[in-house]
Structure formats: structure tokens, C-alpha cells
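Here is a short briefing for a first look at this structure. Please keep the sequence and the 3D view at hand.

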Amino acid sequence: MAIFNILKYPEKSLSQPSAKVDVIDDKIKELIKDMGETMFSDAGVGLAAPQIGINKRVMIYDSHAMDPEYDEEPREITALINPEIIASHGSFISEDEGCLSVVDYRANVKRYEKVRVKALSIDGKELEFDAEGVLAIIMQHEIDHLDGILFIDRISSLKRAMYKKKRKKELQKELEKEQ
Ligand code: NI
């Protein structure tokens, strides 16, 4: 098992669509374990494979993300393979949404209120379930990652331009420090 470096915007793999998983082999299961360790080493409730540079349609989330009081160890993850949103209802504002791949920034994002998700479990079982609240946000946010979309792609172009400018400046500063 290993803790991976979480890639940050504007890393290329974050904006590339991920490929479907054909076979859930030991490599995919190992990837899922590593993603779990990586997520819990940081403060995330969800993580998608492209965030560690692997463009495959695999996502995980904290199984107890719906219950903020839960703090037992070891923490549990749920993995979804080839997840898709097959139906959606309503809309609401996800307040102060953030992402481990988007440094120092949060924003309100318009999301569906409820989504129906189809996916495979780690054992290859076909799953279909409804998600609302925190879980609905996680599903939309992580499935977006698998399509190469970040939450900053879903805010106003003005806000996005401001963030990109700020991030560019920070990266420039880091570069200057290194030299
Ligand atoms: Ni994210």
C-alpha cells in the first residue's frame, strides 16, 4: 500500500477523461486501497483515480461521509468502478465546495439535488442507488473528475479566471524559490 501525491490543478491528467475499467483485477483492487490511504492522509471525503495520475474510471468516498460525527478507526471507504449518473432531479447550491486538487479555493457550485447512480462494486457487483445531500455532491464531483472536469469548471468564467490567475502567480513564486 502507498500514499500517493495528490495532483493539483493545472496538472494534465485532471483535465483528461478517464477510460472505463474492463476487468477488476488485483491491480485495480490495489489502486483502490492506495486511493483510500491517500484520501485519509489528507482531509478529503472523496477521491478519483485521475487525482493520483491514473486515468481510469475509479472513485472512492468515505463510507461515513454522511455522518460528520463518525470518527472510528480504521476509516472505511466505498469504491465505485465505472460510475455513471443515470437520472437527476432538482437543483441546489453546494456551498463552499472544495477539492484536494484545487489548492486554497472553495466556491458555491450549482448541483443536482438528487442523482441516481449506476456502478460496479469492487467485487464486480452491479449497483444502482439514489444519492442526495452530501452523497449527491460527492457523486457529481467525483464523476466529474472521471470526465476531466473540476468544480472550478462549473463556476462563473470570471471567478474561474480569477482563480487561474491567482494559481499561476503562486506557481510562478514557487518556481522562483526553486531557482
Ligand atoms: Ni475533487
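Along the chain, the donors of the nickel ion follow the spacing C-x41-H-x3-H. Donors here are N, O and S atoms within 2.8 Å of the metal (3.2 Å for Na, K and Ca); water is not among the atoms, so sites may look incomplete. C99 lies in strand 3 (residues 77–99) and H145 in helix 2 (residues 133–146), so this pair ties together parts that are 46 residues apart in sequence.

The model is predicted: local features need pLDDT of at least 70, side-chain atom pairs count only at pLDDT 80 or more, and totals for chains, interfaces and linings use all residues. Residues are numbered from 1 along each chain as its sequence is written, and side-chain values use heavy atoms, with hydrogens and water left out.

**Nickel site**

- The protein donors are C99 (SG), H141 (NE2) and H145 (NE2), and they lie 2.1 to 2.2 Å from the nickel ion.
- Both C99 and H145 are buried.
- Buried means under 20% relative accessible area, exposed means over 50%, and partly exposed is in between (1.4 Å probe, protein chains only).
- Helices (H or I, at least four residues) and strands (E, at least two) are DSSP runs, numbered from the N terminus.

**Salt bridges**

- A salt bridge is a side-chain nitrogen of Lys or Arg within 4 Å of a carboxyl oxygen of Asp or Glu.
- By this rule the count comes to 7 salt bridges.
- One of them joins the side chains of R111 and E97, at 2.7 Å from N to O.
- This pair links distant parts of the chain, with R111 in strand 4 (residues 102–120) and E97 in strand 3, 14 residues apart.
- R111 and E97 are both buried.
- R111 also forms a salt bridge with D144, where the closest N and O atoms are 3.1 Å apart.
- R111 lies in strand 4 and D144 in helix 2, so the pair ties together parts that are 33 residues apart in sequence.
- D144 forms a salt bridge with R154 too, and here the closest N and O atoms are 2.6 Å apart.
- R154 lies in the loop between helix 2 and helix 3, and D144 in helix 2, so this pair ties together parts that are 10 residues apart in sequence.
- R154 counts as partly exposed because its relative accessibility is 39%.
- D144 counts as buried, at 7% relative accessibility.
- Through shared partners, salt bridges join E97, R111, D144 and R154 into one network.

**Backbone features**

- The peptide bond from Y9 to P10 is cis, with omega near 10°.
- P10 sits in the segment before helix 1 (26–41).
- The peptide bond from E73 to P74 is also cis, with omega near -10°.
- P74 is in the loop between strand 2 (58–62) and strand 3.
- N82 is not a glycine, yet its phi is positive, near 50°.
- N82 is found in strand 3, and it is buried, with a relative accessible area of 10%.
- D96 is not a glycine either, and its phi is positive at about 50°.
- D96 is placed in strand 3, and it counts as partly exposed at 46% relative accessibility.

**One lysine**

- K169 lies in helix 3 (residues 157–178).
- K169 counts as exposed because its relative accessibility is 58%.
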